[in-house]
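Below is a short note for a colleague who is opening this entry for the first time. The points are numbered so that each can be checked against the view.

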Amino acid sequence: MPNLSQLSRSRRPKWHYVAVGVGLIIVAVALTVAWQILAAPDSVPSRAVGPARAVVWFFGSLLFLLLIAGLVLIVILLLREVRLNERQSNFVSAVTHELKTPVSSLKLYLDTLEYRELSTDRRAEFYRTMRQDIERLNVTINNVLNAAMYTDRPVADPRPLDLARVARRAIELTVTRHQLPREAIRYEGPDGLRLAGDAQALETALLNLLDNAVKYSKDRVQIEVETWGDADGQAHVRVRDHGIGMSRAHLPFIFTRFYRIGAEVRRSRTGTGLGLFIVRAIVKGHRGTITADSPGPDRGSSFTISVPGLLGPEAEADAEAARA
Amino acid sequence: MPRILLVEDEEHLAAGIRFNLELDGYEEETIADGLSAVERLAPAPDVPVRDGDPSVDLVVLDVMLPGLDGFQIVERMRASGNYTPVLMLTAKGLPEDVVQGLEAGADDYLPKPFDLPVLLARVRGLIRRRDWARAPAEGAALTRVGGAEVDFTNLELQKGSETVRLTLLEAMLLKLLVERRGQVVTKAEILEKVWNLNPDTETRAVDNFVMRLRRHLEEDAGHPRLLQTVRGVGYRLVEE
């Protein structure tokens, strides 16, 4: 009879190795305890305890401790490797789906245009659908390329930019791209928020956050974007949605490459698990931080980017002069 | 007019397939998530059947779906006694994926991206194969195989007081063997005629299905008397 566990069969042996590692640690700890009991200097009648025995006991104990530390290290590394491996295979599965679905759709519509007699209206409708498929392909390809391009390294050539303007532009693009009503995304913030950095990269980061906010919204999209500067010279942008949120358990992992919540095969939202990884890489490139928060499933989530180096008018002129 | 249920969550693909099926004269219904598909195809016994005619002649099923995946849906369908032919569509096209889909209970499998003429030919083929499997064999309403009586029209096998539901593939395999009673049928021919697969495909599917038939037909499935293996060639249903 059918066997669904075959789906995950290839992953199981790796967990066996981890189990073996944990078993070995337990054995090593047991041996250490036995060594402490049997070989400790005070476990034998006092006359027999010479300095040599104490030395043997000391180095023996040290050796056991090193052995345990080594084993623990190996098991931790193994665990990390297993997790990465799983995320990577999920990623391949997600990217396969994200690339093949629009390609299949394009092919289906091309075939239909070729084999069927169609009215002009019908043709126009099909061309529109095909254009959207190409846009979806483009987004996936850009995500994969951005993940390779934006690393944690500092921005090579920081230029003065207006974060408030970057945010407004990202909102504009998101509204057009997802065909949202204008009031779906509310913006609040000062007219200008100037700092030095890579405007294109920061826009990509904000677009990714906004895309997620739309994607994980429930029936009605309602997003608030807020920008502000503080006295410590930090600029902040917060994107808050009222969507499906997430449980606290996922929060520490969501910026990890390829991380996605839930099983890949019955995914209800499209994606590759690269979006937030790219956001974090860009923010780190600006020596900034990103934090995520969600009160829980179905209660929305919010993401805050904080970047140092807010420019006053003079600092801005200096920066411009320095560059010139 | 044959009625096809399409289970596909990708709007564009669903719309394109729907458009083409309707042009080819099929009645069509679309479901976009796994749980609704199961509700429709494998309802709990006490749930009343929904309005209208619930019968579906063919299911076109995507694998990656929100809620439940395609493999689970086919399994639940088969477990609940729904043997409607299933054509699976999926982004995974490796031979082992194909075999997994078939073993989960699907009747045919088409990797994405597919050619439109191929999809339509597979749909026609499955409906034709279903009609062939359901036509009475040897001109009689009931076919006698050993101590059992097979009703191909209703895909049922009666042995003593026990009634077994046959899947479409089981019925087709049995029918092929019945029609060639006394002769050896090669594995390659079975793969081609019953599974619609390339005769060179490496799979244990045929052997597994022969084992299932033996459990239905034989007194002792371990020592088959009726459905014999001809080593290295294929299988033969003995003449009585």
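Predicted model: local features only at pLDDT ≥ 70, side-chain atom pairs only at ≥ 80, totals over all residues.

**Notes on the model**

1. Of the 324 residues in chain A, buried residues make up 28%. Chain A has 7 helices and 7 strands, and their order along the sequence is α-α-α-β-α-β-β-α-β-β-α-β-β-α. Taking the contacts in chain A between residues at least 6 apart in sequence, 77% join residues at least 24 apart.

2. Two residues of chain A deserve a check of their backbone angles. A:Q179 is not a glycine, yet has a positive phi of about 50°. A:Q179 sits in the loop between α4 (163-177) and β2 (185-188) of chain A. With 7 other C-beta atoms within 10 Å, A:Q179 is exposed. A:R287, again not a glycine, has a positive phi of about 55°. Its place is the loop between α6 (275-285) and β6 (289-293) of chain A. A:R287 has 13 C-beta neighbours inside 10 Å and therefore counts as partly exposed.

3. Next, the interface. On the chain B side 29 residues take part, in contact with 23 residues of chain A. The elements of chain B that give two or more residues to this side are α1 (11-23), α3 (70-79), α4 (95-103) and α5 (116-134). Among these, α1(B) gives the most, with 7 residues. Sorted by class, the side of chain B that touches chain A has 15 nonpolar, 8 polar and 6 charged residues.

4. Chain B has a cis peptide bond, which joins B:K112 and B:P113, with omega at about -5°. B:P113 belongs to the loop between β5 (108-111) and α5 of chain B.

5. Where is helix α6 (residues 168-179) of chain B placed, enclosed by the rest of the structure or open? Because 9 of its 12 residues are buried, α6(B) is largely enclosed by the rest of the structure. The buried residues of α6(B) are B:L168, B:L169, B:E170, B:A171, B:M172, B:L173, B:L174, B:K175 and B:L177. The length of the helix can also be checked: at 1.5 Å a residue, its 12 residues should span 16 Å, and the end C-alpha atoms are 16 Å apart, which agrees.

6. One partner of α6(B) is helix α8 (residues 205-217) of chain B. The two pack at an angle of about 85°, with their axes 10 Å apart. Angles of 65 to 115 degrees count as roughly perpendicular, so α6(B) is roughly perpendicular to α8(B). From α6(B), the contact uses B:L169, B:E170, B:L173 and B:L174, and from α8(B) it uses B:F209, B:R212 and B:L213. By class, this contact has 5 nonpolar, no polar and 2 charged residues.

7. β10(B) and β12(B) are antiparallel, paired over 3 bridges. β11(B) and β12(B) are also antiparallel, paired over 4 bridges. B:G234 in β12(B) has B:T186 opposite, and B:V230 stands opposite B:G234 as well. β11(B) and β12(B) form a hairpin with 3 residues between them, and B:G232 in the turn has a positive phi of about 75°.

8. Which residues does B:V233 touch, leaving aside its neighbours within four places in sequence? B:V233 is in contact with B:V184 and B:T186. B:V233 lies in the loop between β11 (227-230) and β12 (234-237) of chain B. B:V233 and B:K187 are 46 residues apart in sequence, and their C-alpha atoms are 6.8 Å apart in space. B:V233 is exposed, with 12 other C-beta atoms within 10 Å, since a residue counts as exposed at 12 or fewer.

How values were computed:
Residues numbered from 1 in each chain as written. Chains lettered and ligands numbered in written order. Buried ≥ 20, exposed ≤ 12 C-beta atoms within 10 Å, placed from the backbone. Contact = placed C-beta atoms within 7 Å. Expected span 1.5 Å × (residues − 1). Nonpolar A, V, L, I, M, F, W, Y, C, P; charged D, E, K, R; others polar. Axes fitted to C-alpha atoms, helices over the stretch in contact; angles between N-to-C directions. Parallel < 35°, antiparallel > 145°, perpendicular 65-115°, else oblique. Pairing = 2+ DSSP bridges.
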